[in-house]
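Hi,

Here is the structure I promised to pass on. Please have a look at it first, and my notes follow below.

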Amino acid sequence: QLPADLTKMHLTENPHPQVTHVPSSQSGCSIASDSGSSSLSDIYQATESEMGDVDLTGLPEAPVDSEDEEEEEDEDIDRTSDPLLGRDVVRECLEKEPADKTDDDIEQLLEFMHQLPAFANMTMSVRRELCSVMIFEVVEQAGAIILEDGQELDSWYVILNGTVEISYPDGKSESLCMGNSFGITPSLDKQYMNGVVRTKVDDCQFVCIAQQDYWRILNHVEKNTHKVEEEGEIVMVKEHRELDRSGTRKGHIVIKATPERLIMHLIEEHSIVDPTYIEDFLLTYRTFLTSPLEVGNKLLEWFTVDSLRDKVTRVVLLWVNNHFNDFEGDPAMTRFLEEFEKNLEDTKMKGHLRLLNIACAAKAKWRQITLQKPSRDSPLFFSLLGGSDKGFGIFVETVEMGSKAAEAGLKRGDQV
């Protein structure tokens with residue numbers, strides 16, 4: 001099965017069965033916090049009112065959706081799930097001459113092309129450039145020869161629909177389907193086809209990019225990148241990007257780096273074209289780090305440097321606000337949070353401390369913990385604070401490390 005959004009954009013009635021998609025459930029990577037994701041401004045807005053103000057108990061319930069609205073939503077869903085609609089939009093963009101393509105056309109093509117294997121390892125700017133110069137071609141009949149053996153090549157081809165077969169002189173053959181590519185390599189040297197390329201089914205569709213354009217675009221990106229070296233090894237690659245044609249919003253964006261360098265970039269100055277680096281890192285670090293403590297320990301180390309303290313605090317606040325389950329389900333990360341809280345207290349950063357407490361309280365989830373005591377006189381291994389005489393709720397003040405209470409999941413700061 002193709003991804004849902006790719007099926008919508010497909011240019012023919014029948015998605016090719018050879019194209020597969022790995023569902024996100026197999027990735028083993030938590031993509032977003034179970035407790036919801038929001039921006040840092042949400043935390044700041046929460047300081048405008050006391051925590052008690054957000055208690056919604058006792059409010060009357062009101063109907064959210066009317067039948068008319070539900071019907072409208074169903075119609076919207078029907079419209080957006082119609083594969084013909086997406087297919088027509090993309091085909092319309094493809095059939096335009098390169099000079100006639102608008103920015104919107106290129107964005108439509110970019111959305112479709114980035115899902116194809118041929119474009120998978122290319123940067124965003126390279127894909128955008130290729131979309132601006134690609135030409136659409138259709139071969140109606142099965143068995144039609146596209147390239148002869150020994151024919152001089154002048155284009156790079158990507159299959160959008162159908163299947164082609166390459167028959168090599170030694171008798172071997174290879175089938176290519178949607179998303180695969182064939183043709184020239186990014187060089188200006190004369191190149192010749194090895195084998196015969198012919199269509200296997202009717203209505204094969206391709207995009208073609210001329211050799212000169214293909215070489216220029218892929219060669220240009222090499223010049224457009226900045227490589228950071230340490231001790232003779234490349235540790236980071238940045239790409240220059242322009243967000244608009246006026247040239248006012250331009251800068252470098254990180255496209256590759258070692259895990260250590262990616263962590264370090266959290267506290268470096270971020271380009272105007274890469275303003276969400278911290279959020280992107282916190283969303284994806286699970287794919288290249290074995291433990292979040294690799295980040296946590298570095299943040300605690302950098303917190304001791306006065307000039308980095310505000311940057312470190314911003315990272316932690318975004319982390320807690322957007323991915324609180326990283327802390328709630330991990331005792332080691334809970335200890336990191338407690339140590340960070342103590343550091344905020346010691347440095348008298350009361351405003352940031354309050355933001356941290358508000359974020360933790362807002363994102364924490366209800367849970368039930370059962371503790372069994374061997375006897376009535378056995379210790380609890382935790383202490384409580386608060387009550388009616390103190391004027392606030394009952395909270396867990398301390399939990400003995402390694403105790404049964406800690407193993408059961410009881411944590412300092414839990415409200416009973």
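Strands here are DSSP runs of E with at least two residues, and helices are runs of H or I with at least four, both numbered from the N terminus. Before going on: this is a predicted model, in which local features need pLDDT of at least 70 and side-chain atom pairs count only at pLDDT 80 or more, while totals for chains, interfaces and linings use all residues. Residues are numbered from 1 along each chain as its sequence is written, and side-chain values use heavy atoms, with hydrogens and water left out.

S4 (residues 164-167) runs antiparallel to S7 (residues 196-199), with four bridges joining them; two strands pair if DSSP finds at least two bridges between them. Four bridges also join S4 to S5 (residues 173-176), again antiparallel, and there Ser167 has Ser173 as its partner. Five residues lie between the strands in the S4 and S5 hairpin, where Gly171 takes a positive phi near 100°. In a regular strand the side chains alternate between the two faces of the sheet. In S4, Val164 and Ile166 form the covered face, and Glu165 and Ser167 the uncovered one.

Lys101 is buried yet has no salt bridge, and the nearest side chain of opposite charge, Asp105, is 8.0 Å away. A salt bridge needs a side-chain nitrogen of Lys or Arg within 4 Å of a carboxyl oxygen of Asp or Glu. A polar atom of the Lys101 side chain does lie 3.2 Å from the backbone oxygen of Cys131.

Last, Glu231 is a residue other than glycine with a positive phi, near 55°. Glu231 is in the loop between strands S9 (225-230) and S10 (233-242), and counts as exposed at 85% relative accessibility.

Best wishes

Conventions:
Buried means under 20% relative accessible area, exposed over 50%, partly exposed in between (1.4 Å probe, protein chains only). Lys and Arg count as positive and Asp and Glu as negative; His and the chain ends are not counted. A polar contact is a pair of N or O atoms within 3.5 Å; within protein, one must be able to donate a hydrogen and the other to accept it, and residues adjacent in sequence count only if both atoms are side-chain atoms.
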